[in-house]
Amino acid sequence: MTTENGLARQLAKYRDYHHDHRNVLTHVVGIPLIVLSITTLLAPLELPLPTAAIPLSLVAAVLAAGWYLSLDLKLGLLMTFLFALFVIAGAQIASISTAAWLGGGVGLFVVGWIFQLVGHKYEGRKPAFVDDLRGFLVGPLFLVVEGLFALGLMSDLRREVEG
């Protein structure tokens, strides 16, 4: 299940900032846009190694995946898969042209944050990351887990988070 309730604790803390359904709905749009913007903006930037260069988008995704995997193996694998899709999509956008890379990346970032800020206006509360920077990583996980909850899955985790 979870590592010393770390997963449930992280999700419960994040949920405390996200009770208004309109806020959660804005996050369903905003968070994926922000993740895609980051993978797009980092895609052409590379970490040079002696035998290859690795896109920073991949480095960031691997680091995030490591954190998700440390919380829960199954969810970590799902998040790793989803982040891989974002890395691929970001690389595709960045490969179109410099204008698509910068314009698309910055545009996605701005629009994503507009959704986030509108949502927190409904909520009447600041974003979770203001109090804990892990909120940047918990946000995508929260959306995935809430989707799984809506499908009737992970009822034990849901009870832990809601308890």
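In the protein chain, 75% of the contacts with a separation of 6 or more join residues 24 or more positions apart; contact means heavy atoms within 4.5 Å. The model is predicted, so local features need pLDDT of at least 70, side-chain atom pairs count only at pLDDT 80 or more, and totals for chains, interfaces and linings use all residues. Residues are numbered from 1 along each chain as its sequence is written, and side-chain values use heavy atoms, with hydrogens and water left out.

The protein chain holds 7 helices and 2 strands. Helices (H or I, at least four residues) and strands (E, at least two) are DSSP runs, numbered from the N terminus. Their order along the sequence is α-α-β-β-α-α-α-α-α.

Now the overall form. The C-alpha atoms fill a box of roughly 50 × 35 × 30 Å along the principal axes.

Next, the surface. Of the 163 residues, 40% count as buried (under 20% relative accessible area; exposed is over 50%, partly exposed in between; 1.4 Å probe, protein chains only). The accessible surface comes to about 8900 Å², and carbon and sulfur atoms account for 70% of that surface.

One residue deserves a look. Methionine 154 sits in the loop between helix H6 (135–150) and helix H7 (155–162). Its phi is near 60 degrees, a positive value in a residue other than glycine. Methionine 154 is partly exposed, at a relative accessible area of 29%.

Note on methods: Accessible areas come from the Shrake-Rupley method with a 1.4 Å probe; for residues, only the protein chains shown count as cover.
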